[in-house]
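Biologist: I would like to learn how to read helices and aromatic rings in a model of this kind. Could you take me through them, starting with the span of a helix?

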Amino acid sequence: MPVATRTTDTRRVILDTAQRIMARKGYSAVGINEVLAEAGVPKGSFYHYFASKDAFGEAMLKSYFADYLTDMDAVLAPSGESSAERLMAYWQQWRETQSVEECQGRCLAVKLGAEVADLSEPMRLVLKDGTSAIVDRIERTITSGLEDGSLSVDGEARDVAQALYDMWLGASVMAKIHRSPAPLDTVTAATRTFLHL
């Protein structure tokens with residue numbers, strides 16, 4: 001295997017492993033040694049791939065959002081379904097991923113948002129950019145739904161998109177606190193109301 005491929009693969013293994021662990025434990029509770037041990041990567045090689053734990057956290061979040069946005073684009077891509085159906089499919093997928101493992105979810109924006117925003121400005125900016133990109137996609141789908149007549153909203157599409165995203169983040173936190181999908185069910189109904197479905 002060429003060195004460049006091996007380096008990229010090892011780096012990706014470290015990032016993917018960290019995402020899985022940190023989705024359960026958070027950022028501060030996870031040491032680099034734990035990630036490297038689970039990834040099967042020698043301890044001394046971490047600084048070959050990352051300059052610091054903060055640089056590593058920033059890279060992990062960038063990787064997470066790149067994958068998340070690719071998946072989101074696939075769900076929201078124009079298809080035989082209306083824009084409203086595609087948007088509700090996205091929210092249903094969110095509900096499913098946040099309901100796993102006693103509602104501990106898999107969303108790093110939910111798990112790490114409040115924690116790392118105070119710890120690291122570069123990681124906060126990655127979270128800001130990533131969540132803004134999510135809201136952009138929700139806004140585009142709402143706008144498309146207004147055009148195809150499959151939904152309607154009170155107010156501007158951007159404001160509604162932001163409010164929906166904020167509600168879903170809050171409901172995800174509440175689901176974690178209560179270890180119940182009930183808050184996600186409540187926000188699903190509220191979403192349908194917001195979109196006049």
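Modeller: This is a predicted model, and every value below is computed from it. Helix 4 covers residues 53-76, and at 1.5 Å a residue its 24 residues should span 34 Å, which agrees with the 34 Å between its end C-alpha atoms.

Biologist: Which residues of helix 4 are buried?

Modeller: Buried here means under 20% relative accessible area. The buried residues of helix 4 include Phe56, Met60, Tyr64, Phe65, Tyr68, Leu69 and Met72.

Biologist: How are helix 5 and helix 8 oriented to each other?

Modeller: One looks at the angle between the axes, where values over 145 degrees count as roughly antiparallel. The axes of helix 5 (residues 83-98) and helix 8 (residues 121-148) cross at roughly 150 degrees and come within 8 Å, and the two helices are therefore roughly antiparallel. Among the residues making the contact are Arg86, Leu87 and Trp91 of helix 5, together with Ile134, Ile138 and Asp148 of helix 8; by class, the contact has six nonpolar, four polar and two charged residues.

Biologist: How many aromatic pairs are there, and what geometry do Phe46 and Tyr47 adopt?

Modeller: The structure holds 13 aromatic pairs. In the pair of Phe46 and Tyr47, the ring centres lie 4.9 Å apart with the planes at 90 degrees, so the arrangement is edge-to-face. Phe46 is buried at 1% relative accessible area, whereas Tyr47 is exposed at 59%. Trp91 and Trp94, by contrast, form a tilted pair, 5.7 Å centre to centre with 40 degrees between the planes; they are three residues apart in helix 5, and so about one helical turn separates them.

Note on methods. Residues are numbered from 1 along each chain as its sequence is written. This is a predicted model: local features need pLDDT of at least 70, side-chain atom pairs count only at pLDDT 80 or more; totals for chains, interfaces and linings use all residues. Side-chain values use heavy atoms; hydrogens and water are left out. Helices (H or I, at least four residues) and strands (E, at least two) are DSSP runs, numbered from the N terminus. The expected span of a helix is 1.5 Å times one less than its number of residues. Buried means under 20% relative accessible area, exposed over 50%, partly exposed in between (1.4 Å probe, protein chains only). Axes are lines fitted to C-alpha atoms, for helices over the stretch in contact, and angles run from 0 to 180 degrees between N-to-C directions. Angles under 35 degrees count as roughly parallel, over 145 as roughly antiparallel, 65 to 115 as roughly perpendicular and the rest as oblique. Contact means heavy atoms within 4.5 Å. Ala, Val, Leu, Ile, Met, Phe, Trp, Tyr, Cys and Pro count as nonpolar, Asp, Glu, Lys and Arg as charged, and the others, Gly among them, as polar. Rings of Phe, Tyr and Trp (its six-membered ring) pair if their centres lie within 6.5 Å; planes under 30 degrees apart count as stacked, over 60 as edge-to-face and the rest as tilted.
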